[in-house]
Amino acid sequence: MKMFSVAHKTVFVVDHCPYMSESSRQQVECDVLTKSRAQGVIPLAPVSKSLWTCAVECSMEYCRILYDIYPKDKLVNYVVSDSEFHILNSWRRENQSTHELMAALAAVGPPNPREDPECCSILHGLVAAVELLCKITELQHEKRTALMDTAERVANRGRIICLTNAKSDTHVRMLEDCIQETILEQNKLAACSDRLMAIQQCELVLVHIYPQGEDTLVSDRLKKEISPLLTSEVHSVRAGRHLASKLNILVQQHFDLASTTITNIPMKEEQHANTSANYDVELLHHRDAHLEFFKSGDLHMAGTSTRENGLKETITLKWCTPRTNSIELHYCTGAYRISPTDVNSRPSSCLTNFLLNGRSVLLEQPRKSGSKVISHMLSSHGGEIFLHVLNSNRSTLEDPPSISEGCGGRVTDYRITDFGEFMRENRLTPVSESSHNPAGKLPVERAKAQLERHTRYWPMIISQTTIFNMQAVVPLANLIVKETLTEEDVLTCQKTIYNLVDMERKNDPLPISTVGSRGKGPKRDEQYRIMWNELETLVKTHAGATDRHQRVLECIVACRSKPPEEEERKKRGRKREEREDRSEKNVSKETEDKSWAESERLKGLLEKENPESEVIKDSPDSPEPLNKKPRLIAEEVQPAERAKGPVTLLSMWTNRITAANSRKHQEFFGRATSVNSKFELYQHLKEENGMDVHENGKASR
Amino acid sequence: MPTVVLMDVSLSMTRPVSLDGSEEFQRKNLAVHGLNMLFEHMASNYRLEFTALMAFSSLWELLVPFNRDYNALQDALSNLEDYDKTCIESALHGVSNVVQQEWGSACPCQVVLVTDGSLGIGKGSLRHSLQNLKQRGDDKKFPLPFPFPTKMYIMCIANAEELQMTDAMENLEELLRLSGGDGQIFTVDGPLCMKTVQAMFGSLIDYAYSPFHAVLHCGNLSSDVQVFPRPEPVVMDEEVEPIPRTVNTDLEIVGFIEIADISSPPVISRHLVLPIAVNKDVDEVGTGTTDELEEEPSASQMAGKSPNFCVLLHGSLKVEGMVALVQLGPEWYGMLYSQADSKKKSNLMMSLFEPGSEPLPWLGKISHLGPISEAAENPYGEDDSKSPFPVQPQVKRSYAQNVTVWIKASGLQTDVQKILRNARKLPDKTQTFYKELNRLRKAALAFGFWELLKGVAELLERECTLLPDSAHPDAAFQLSHAAHQLKLASSGDSQYAAFEHNIQPMHTDFSS
């Protein structure tokens with residue numbers, strides 16, 4: 001159905017003239033006496049509905065089904081016509097509910113039989129209906145605004161359902177002519193108005209209602225084209241049951257509905273609590289829920305039955321008693337809102353209450369072959385019940401290659417749990433439109449922005465990271481990704497950093513992954529260097545956000561220990577010009593490492609043992625404490641690694657192996673500080689002589 | 001989207017094609033060459049496609065049922081025999097049967113019809129079929145349109161000029177239109193030879209079998225992926241939005257939702273999301289594939305060992321029982337989730353929701369889903385015991401409220417009996433009595449059913465006279481009060497007949 005088909009706008013025009021107060025002559029016995037009380041009591045005379053009551057309750061039932069299945073944008077405008085017209089609601093979405101209409105109808109009351117029939121006519125209402133169809137709805141307005149220069153794509157069509165008691169076929173023709181004329185007139189008016197739209201198509205459904213036991217004066221007529229703008233059909237129906245089933249059929253035709261009967265629903269009997277009888281419940285829904293049946297042409301195979309009135313078909317589906325653990329993602333090709341045909345019958349309300357309580361029911365398609373095919377599922381979401389269509393055919397995606405066979409499939413140490421935690425933090429929640437600031441970013445854009453912040457530094461595998469394997473880093477890692485930090489957050493981050501400094505001072509082991517490693521892992525100092533580098537990388541990606549983020553970075557830079565070999569390098573750098581052979585190579589390396597070295601220089605501002613680290617943290621430009629002696633033992637960084645930057649896979653690998661081994665025994669001092677398994681003896685002598693002993697990790701001979 | 005290749009093996013396909021200075025070819029040979037090229041392309045770039053091969057003349061035969069074994073398809077091509085005349089109608093009946101048997105009637109399917117443009121003669125010819133289209137009974141309907149959504153590609157081993165000399169082109173166009181209009185007619189450009197036929201099949205491959213490559217983003221994490229089958233453009237409302245919507249090649253994750261919250265949403269299509277190595281050349285159109293096949297293992301082994309975001313995402317989605325909401329374009333979303341098949345293999349899947357701002361009513365508008373960190377308190381609760389979903393509709397549906405419908409007499413009788421039952425248990429049931437009474441009153445006023453109000457008033461008065469001696473004095477008071485109020489309402493007096501007005505229990509306890 002198109003967005004702006006005739007179904008978008010329906011005007012009910014109900015006759016409120018004096019003759020509608022006539023009795024339908026269908027009597028309802030509402031005093032059902034139980035046997036024990038029957039003696040001596042005169043039962044109440046049966047009541048009978050007026051034509052008006054019949055018309056109103058059937059039109060309300062039409063609206064009930066319509067609103068259940070299309071809660072939005074299939075709109076009804078209700079008009080009552082007597083000596084003038086009364087419009088009971090508007091096209092506005094907030095006016096679209098049966099409660100609203102019932103309240104308005106109560107205010108109108110039944111027709112006054114003593115009113116002068118000469119002044120009353122359904123025509124007042126019909127003219128008003130045409131005028132109403134020209135009025136623009138909220139959806140039409142929204143779409144016209146959104147489409148801008150292609151606004152003409154928004155069509156204006158509508159349907160008028162007229163419930164009346166016509167006098168004759170000629171009378172009907174007169175009504176049709178009158179509508180046709182009014183449309184032409186109104187379209188002229190609409191052409192020069194922004195708030196009105198010309199009618200492109202109007203469908204008149206005239207329902208002539210007459211009391212039981214009378215002969216109709218109006219003949220049925222199928223849909224016929226009065227003009228390119230107007231089609232008209234006439235239904236002549238007796239009031240009461242017949243009218244109800246006529247309007248039920250009409251609502252199905254008008255809104256592409258179909259009927260499904262759920263069969264075999266077990267229900268406890270009040271009298272016999274331990275047994276259950278099976279019941280059937282009929283539901284209406286969009287007919288696409290039966291698409292598969294229609295297409296494959298096996299409607300009859302799927303348990304169709306034609307009703308006794310021969311007008312309506314329903315498809316039977318069998319209830320399957322639900323399993324309890326139902327958190328499962330079904331492959332569902334459609335979900336359609338339902339409305340029970342007999343909403344307040346006991347079986348219907350039992351079924352709907354069962355579903356509203358959160359249970360889902362699978363429905364089985366009865367087949368001749370005997371194989372069980374689950375084709376549908378009933379399930380409620382937020383107080384609305386949907387009929388889900390499940391795919392029961394062979395999947396074209398069967399037997400795909402497993403994800404473990406593809407790219408990245410052989411990697412085994414993904415941070416699955418951490419990413420799970422990440423997903424939980426990045427879950428979504430509805431933001432009410434009222435609380436959303438229209439000038440600001442849409443909530444979904446803010447969600448994306450949050451994902452961006454959270455993933456600025458996010459290593460995918462365990463062996464690629466140290467900090468995310470450390471409980472001690474968690475507070476900082478959680479806070480730094482925030483859009484803004486409070487003073488308190490900054491304090492927490494700083495505390496985290498001091499805590500790390502403390503760990504380093506105590507020489508606490510770091511959780512550098514050692515899985516599958518052999519041989520030696522990196523030394524403790526090296527581990528900390530890696531850790532600090534990584535932490536700095538993480539915080540750097542956020543440092544630009546606010547001054548507070550920047551302060552966290554500064555704190556790290558100030559607090560992290562300065563690798564002594566840096567000191568060495570700088571010294572060498574100063575002397576470089578004097579040296580001949582390797583200078584060129586070093587220069588190129590130096591440029592490569594420039595940014596890194598820069599950060600290292602900043603880090604180097606503090607010795608790791610320096611207890612006053614905090615004091616100078618805000619002045620990264622303060623001069624280096626030159627009086628400190630460089631520590632040679634840290635000069636174990638390998639050349640390859642240095643060339644590539646602080647953390648390479650090779651270095652990670654080496655670190656891992658070294659760490660594993662170093663745990664097994666107390667390392668010799670010499671080996672622990674060795675370079676390429678070589679350790680220069682009598683270093684202090686050369687040092688004192690001012691000679692450069694080490695050159696990029698190679699002992700000079 | 002499965003493919004049926006429908007190959008014309010009528011005698012006219014054996015017509016020779018004259019080539020300058022080389023051996024003579026039949027049109028059939030050219031067709032087979034083209035199809036081989038297609039199958040080779042599919043084997044290397046589209047290998048999850050299920051393909052069937054059918055041959056037809058006046059009869060039809062399923063040579064290779066749906067599968068992914070492209071060698072088998074090529075083998076079958078090399079063993080084609082020649083038969084009598086072309087009869088497209090019966091062949092299409094065959095396609096319809098074969099497809100529905102395998103995939104049902106909802107699964108979209110591609111049909112590649114390979115023919116030479118001589119469409120048969122006399123009864124059974126396409127011309128004849130199309131001419132008597134309208135004079136057929138229900139039992140002899142033309143097979144088009146197929147019950148399943150169809151893309152029809154008509155590959156003519158003939159050039160356009162040749163087809164336009166007869167009415168062949170017209171008839172083929174009509175055929176395409178009848179199939180639903182989704183598809184294309186391909187003709188050979190220039191003289192018939194290997195090269196031009198290759199070019200024609202090359203354009204089919206580009207048009208219908210080029211793999212869909214995209215980049216899946218989650219903030220700064222990303223992965224190159226192939227989406228299979230490729231997502232097709234969607235038209236939502238041909239009037240308001242006639243331009244089809246296509247899926248972006250950048251798929252952006254916007255956040256995550258629990259499986260229980262998204263709860264089996266309806267989707268328009270499902271796709272595998274396969275991570276691919278970045279710098280692998282992907283579209284070779286069947287040239288030199290053999291060499292590459294040999295190199296591939298090492299390349300794919302390398303790719304297998306470097307971490308890939310898809311694998312991480314898949315693993316966590318599976319463990320946590322969640323889905324990732326992914327944006328496919330403006331106001332168009334889908335979900336990523338882990339899908340396991342029966343053999344314990346599992347995969348990253350993407351399902352597409354209907355385009356629009358609110359594809360799933362129970363999530364509300366997708367553009368109004370925001371990060372939980374912005375909520376005043378975690379909507380999932382500190383221990384994940386709560387959920388902000390489903391979003392409740394503003395107005396309850398009829399079955400979720402206590403609506404009054406008296407279309408069937410039984411509905412009315414039940415409501416009256418309920419009131420009487422409670423009336424007999426006054427004053428214990430005072431609240432329920434008035435609740436039911438007011439419900440009936442409201443409906444009767446709305447329906448203009450004043451006669452009922454009078455009737456029920458009489459019933460209550462009668463109940464009053466029938467009260468046993470042991471009855472509480474309150475019962476009589478309440479009954480006559482209620483009866484009186486109903487009568488007032490039935491007078492239509494606006495003071496008593498207001499819809500929102502409720503009859504209040506009579507105040508009988510004067511002690512307080």
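Me: What is a nonpolar core?

Reply: A nonpolar core is a set of buried Ala, Val, Leu, Ile, Met, Phe, Trp, Tyr and Cys residues joined through side-chain atoms within 4.5 Å. In soluble globular proteins, nonpolar side chains tend to be buried together. This model is predicted. The largest nonpolar core here has 79 residues.

Me: Which members of that core touch the most other members?

Reply: Tyr78(A), Phe433(B), Leu452(B) and Leu460(B). Helix H1 of chain A, residues 51-69, gives the core its largest share, 13 residues. Apart from this core lies another, of 68 residues, including Val17(B) and Tyr380(B).

Me: What does Leu460(B) touch?

Reply: Leave out residues up to four places away in sequence. Then Leu460(B) touches Ile419(B), Leu420(B), Ala423(B), Phe433(B), Leu437(B), Leu479(B), Ala482(B), Ala483(B) and Leu486(B).

Me: Now the domains. How is chain A divided?

Reply: Into domain 1 (9-27 + 46-255), domain 2 (258-390) and domain 3 (413-429 + 440-514 + 523-563). Taken over C-alpha atoms, the centres of domain 1 and domain 2 of chain A are 32 Å apart.

Me: How do I read the interface between domain 1 and domain 2 of chain A?

Reply: Start with area. About 1000 Å² is buried between these two domains of chain A, and carbon and sulfur atoms give 55% of it. In domain 1 of chain A, Arg64(A), Ile69(A) and Gln252(A) lose the most area to domain 2, together 46% of what that side buries. Next, contacts: 11 residues of domain 1 of chain A meet 14 residues of domain 2 of chain A.

Me: Which helix gives the largest share of the domain 1 side in chain A?

Reply: H1(A), with 5 residues on the side that touches domain 2 of chain A.

Notes. Residues numbered from 1 in each chain as written. Chains lettered and ligands numbered in written order. Predicted model: local features only at pLDDT ≥ 70, side-chain atom pairs only at ≥ 80, totals over all residues. Heavy atoms only, no water. Buried < 20%, exposed > 50% of the residue type's maximum accessible area, 1.4 Å probe, protein only. Helix = DSSP H or I, 4+ residues; strand = E, 2+ residues; numbered from the N terminus. Contact = heavy atoms within 4.5 Å. Domains from an automatic or database assignment. Buried area = accessible area lost by both parts, 1.4 Å probe.
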